[in-house]
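Work through the following exercises with the sequence and the model at hand. Each task is followed by its solution.

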Amino acid sequence: VRLCNFLGSCGESSVNVLVLNDSIPSVHLPGNPIRSIKRNAMLTVVSAASMSTCASSSFAILDYEWSVFSNSGVKQYSLVSITKDHTKFFLPSYSLNISSVYDIQVTVSVRGS
């Protein structure tokens with residue numbers, strides 16, 4: 001781009017734009033990011049994912065992968081959701097240890113990308 005001011009002084013600049021073929025979904029977990037529950041209560045975490053309005057396909061199939069990590073960062077492979085709805089994460093009561101902190105993460109991707 002070349003621009004000139006009223007005194008005739010000009011300057012040039014350029015910008016590179018990268019256009020991706022893949023769409024990236026946006027996801028968030030509604031509610032308080034830090035939650036406390038009693039051991040005898042079922043843990044319920046719901047996700048809300050969407051595609052941008054300029055995505056190539058508004059009918060993209062989204063895949064969800066949930067992970068649970070201990071406070072020390074170790075993945076807890078034994079803690080698996082009991083719901084068939086992949087947008088949600090349910091753990092039965094008595095699945096978590098008392099006085100423990102867990103980090104629950106969800107990764108959402110577009111199927112086939």
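**Exercise 1.** Determine how many aromatic pairs the predicted model holds, and classify what you find.

Step 1. Rings of Phe, Tyr and Trp (its six-membered ring) pair if their centres lie within 6.5 Å; planes under 30 degrees apart are stacked, over 60 edge-to-face, and the rest tilted. The count by this rule is one aromatic pair.

Step 2. The ring centres of Trp66 and Phe89 are 5.4 Å apart and the planes stand at 35 degrees, so this pair is tilted.

Step 3. Strands are DSSP runs of E, at least two residues, numbered from the N terminus. Trp66 belongs to strand β6 (residues 62-70) and Phe89 to strand β7 (residues 88-91), so the pair ties together parts 23 residues apart in sequence.

Step 4. Both Trp66 and Phe89 are buried (under 20% relative accessible area, 1.4 Å probe, protein chains only).

This is a predicted model: local features need pLDDT of at least 70, side-chain atom pairs count only at pLDDT 80 or more, and totals for chains, interfaces and linings use all residues. Residues are numbered from 1 along each chain as its sequence is written, and side-chain values use heavy atoms, leaving out hydrogens and water.

**Exercise 2.** Describe the surroundings of Ser47.

Step 1. Ser47 sits in the loop between β4 (43-46) and β5 (48-50). Its relative accessibility is 8%, so Ser47 counts as buried.

Step 2. The Ser47 side chain reaches the backbone oxygen of Thr87 at 2.6 Å.

Step 3. Contact means heavy atoms within 4.5 Å. Beyond neighbours within four places in sequence, Ser47 contacts residues including Tyr64, Trp66 and Thr87.

Methods. Helices (H or I, at least four residues) and strands (E, at least two) are DSSP runs, numbered from the N terminus. Buried means under 20% relative accessible area, exposed over 50%, partly exposed in between (1.4 Å probe, protein chains only). A polar contact is a pair of N or O atoms within 3.5 Å; within protein, one must be able to donate a hydrogen and the other to accept it, and residues adjacent in sequence count only if both atoms are side-chain atoms.
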